[in-house]
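Please examine the sequence and structure shown here before reading on.

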Amino acid sequence: MELESNPAKKCAKAKGEEASSEEDRLSGLPDDVLHSILGVLRLKHAVRTSALSTRWAHKWLHALAASAVLDFTDRDLVRGQSPAQITATVDRVLAIHGAAPIHVLRVVLSPPDALGRDVVVGWVAAALGRGAREVGVDLVRRGVLDDGDGRVSLLQLPGGLFQVENSLSVLSLGRCSLRDVPPGAAGLAGLTSLSLDRVDVTDDDVRDVVSECRLLEFLSLRSCHLLVSVRVAGERLRGLEIVGCLSMRHLRVAAPALESFAYHGEVLYRRDDDYETYLVEFIGKDNTRRTLSDAVTPELRDAYLSHLGLGGYHEVIHEFAYSGFLEEVAHARILTLCSVGLLHIEETRIFYELTMDTPNLEEVQLLMDTMSDGDVSRFCGFFGLTEPPLLERLFVRLPSAACEDTTEDTCSGTIATGEDADIVLDYEIALDHLTFIKVINFRGTTRELRLLRFLLRRAPVLEQLVLVIPEGNEGTPGDHDQQKKLSLLLKIVQKHVTEIRKAWLWQDAHVTVCQPREDDSRSPAHTKYYHED
């Protein structure tokens, strides 16, 4: 009998056998089980399993091919591979997939040449032929394509691609051309969701596509710069999103089932002297405009109006423009507005002494791009204009980084308690139903504290106040100086909140001051901020 004389060698051998046993136990699982495990991983993590052993080299590929959902939109994976590599990967998966049904195909890449573009069209055709219910092609994120003369090139989709009736329900296209696709194509008739990003559609294209897609429930138009005067009419349309369509000057919506409306762009305005021209119209089935907006969109639940980064107020061209826009959605239960919108509201309120009914408003979110004295005044003026009788939740998102208007030092002394320390209005505001306030990026500056006192004095039934201070972004994780700064800011803010409570005999509400990673309180209904894209 031969004995193992080297203990270290014996130990290594035992560990190797143990590791081999563990590998065998994992690799010995049935393929369908392994594919199920790999299928729930993000694509980049699934690809990394190929390094486990030679037996695992192509497991992820076969696992993906075995799924009816082919998703190639993992941004980390896309960044790590060239367009040619991604194209080869998709081709291989489709080849292994064979003739099996495809439910979903999503692809993000930038084809390097005309041949690559033809390949993408082939993928879409293959997916449609195998019963795909959802198709998404995004050629935006990896840069633009160029025709050689400096013009941006779009992926030209052939007219016959959607001619045959299919199972398609959700279509998302980025940097594509639909010029050759007829609006009444049979393959588009079953759409319930259509998203177009940097697509060369015209006003007539949008009108015709929506009218032909009678099942359409959601429409998104992003950076479609050929749109000027848009008409959207859909009996079943429940969600409408218009973002960055900077040439648009007129919007007309006939959607009696509309529940959600989001707009990020310039304030629409007129260029002529026709004072009867409505720039944003929500109209009825008979194409006539109603006096009350809730008569034509009675189901409207939420509206998002933002103009951040797209200019300010011009007295001549913007007169009444914004107030007319806001009136169309004033009956919504949830509303997000920005500081540019507040500027328009102030001008309307001051010069024309108007008020606006918001009878159903339960939640407001205000996106503040700056925090000057004027912004504080306009913030208060919003409640003077709208006087929301049922407001329960208020979210205020202050500038994410200190700017010129928020550079005053955080107050460290005792706050004043007299009338001169508060905001004095020539009209009364009562927020009798407001139970929840959350302020993001709160630094405890003089203006922010004035704003806070304004709210607290007018919210007699407040139950919870959440102040989220900015996340530290200087230095590295564990940077002691940065941690000291955050700790000091936290103490200062807590001190001021305590003094405000004592000053106004406001004791019942629960107060939380925290950093973003510690915040577990409720979030607003709108958490997508288009100006940050």
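The model is predicted. Across the whole structure, a search finds four cavities of 30 Å³ or more. The largest cavity holds about 100 Å³ of space. Its lining comprises 13 residues, and those nearest the centre are Leu178, Leu194, Leu196, Val201 and Val209.

By residue class, the lining of the largest cavity has 12 nonpolar residues and one charged residue, with no polar residue. Three elements, β7 (193-197), α8 (203-212) and β8 (218-222), each supply at least two residues of this lining. The most is given by α8, which contributes four residues.

Turning to the backbone, most residues other than glycine have a negative phi. Serine 223 has a positive phi, near 50°, and glutamate 387 likewise has a positive phi, near 45°. Serine 223 is placed in the loop between β8 and β9 (229-233). Glutamate 387 belongs to the loop between α11 (373-386) and β17 (393-397).

The table lists the two residues.

| Residue | Phi | Relative accessibility |
|---|---|---|
| Serine 223 | near 50° | 16% |
| Glutamate 387 | near 45° | 51% |

Serine 223 counts as buried because its relative accessibility of 16% is under the 20% limit. Glutamate 387 counts as exposed because its relative accessibility of 51% is over 50%.

Methods:
Residues numbered from 1 in each chain as written. Predicted model: local features only at pLDDT ≥ 70, side-chain atom pairs only at ≥ 80, totals over all residues. Heavy atoms only, no water. 1 Å grid on protein atoms, 1.4 Å probe; cavity = no way out; pocket = protein on both sides within 12 Å on 5 of 7 lines; lining within 4 Å. Points joined across faces, edges and corners; volume = space filled by probe spheres on them. Nonpolar A, V, L, I, M, F, W, Y, C, P; charged D, E, K, R; others polar. Buried < 20%, exposed > 50% of the residue type's maximum accessible area, 1.4 Å probe, protein only.
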